Amino acid sequence: MMPLRTSLVNVPAWQVVAAVVLTLAAIYGLFSIGARLYRNAILHTGARQRLGEAWRGEHVRQQP
């Protein structure tokens with residue numbers, strides 16, 4: 001929304017900086033969450049893994 005807002009009205013510089021910082025923080029947070037889930041679930045084989053198990057890194061052992 002900030003690019004549109006800056007094109008329509010005069011926006012203080014601190015708001016532009018705040019928007020950039022918040023955007024970068026959101027990107028970092030989402031990347032970290034995705035990396036954790038991917039890392040914990042990519043080596044999983046066998047039965048379907050639930051989201052909570054992938055988050056905690058639990059690997060369900062299969063019974064013979």
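Is Tyr38 buried or exposed? Tyr38 is exposed, because its relative accessible area is 56%, and exposed means over 50% (buried is under 20%, partly exposed in between, with a 1.4 Å probe and protein chains only).

The model is predicted: local features need pLDDT of at least 70, side-chain atom pairs count only at pLDDT 80 or more, and totals for chains, interfaces and linings use all residues. Residues are numbered from 1 along each chain as its sequence is written, and side-chain values use heavy atoms, with hydrogens and water left out.

Confidence was examined next. The pLDDT score is the predictor's confidence in each residue, from 0 to 100. Its mean over the chain is 83. A value of 70 or more is reached by 83% of the residues. Helix H2 (residues 13-42) has the highest confidence, at a mean of 92. Helix H3 (residues 51-56) has the lowest, at 80.

The chain contains 3 helices and 0 strands. Helices (H or I, at least four residues) and strands (E, at least two) are DSSP runs, numbered from the N terminus. Along the sequence the pattern reads α-α-α.

The chain has 64 residues, and 11% of them are buried. Accessible areas come from the Shrake-Rupley method with a 1.4 Å probe; for residues, only the protein chains shown count as cover.

Met1, Leu4, Leu8 and Val9 form the patch, which covers about 490 Å². Patches take residues with over 30% relative accessible area and no salt bridge; like charges are joined within 9 Å, and nonpolar side chains (Val, Leu, Ile, Met, Phe, Trp, Tyr) within 5 Å. A salt bridge is a side-chain nitrogen of Lys or Arg within 4 Å of a carboxyl oxygen of Asp or Glu. Leu4 belongs to helix H1 (residues 2-8). Leu4 counts as partly exposed because its relative accessibility is 48%.

Gln15 is in helix H2. Gln15 is buried, because its relative accessible area is 18%. The side chains of Gln15 and Arg5 are joined by a polar contact of 2.8 Å. Such a contact is a pair of N or O atoms within 3.5 Å; within protein, one must be able to donate a hydrogen and the other to accept it, and residues adjacent in sequence count only if both atoms are side-chain atoms. Leaving aside residues up to four places away in sequence, Gln15 touches Met2 and Arg5. Contact here means heavy atoms within 4.5 Å.

Tyr38 lies in helix H2. Its C-alpha is 7.9 Å from that of Ala54, 16 residues apart in sequence. Asn40 is also found in helix H2. Asn40 counts as buried because its relative accessibility is 15%. Glu53 lies in helix H3. Glu53 is buried, because its relative accessible area is 16%. Glu53 and Ala41 are 12 residues apart in sequence, and 8.4 Å separates their C-alpha atoms.
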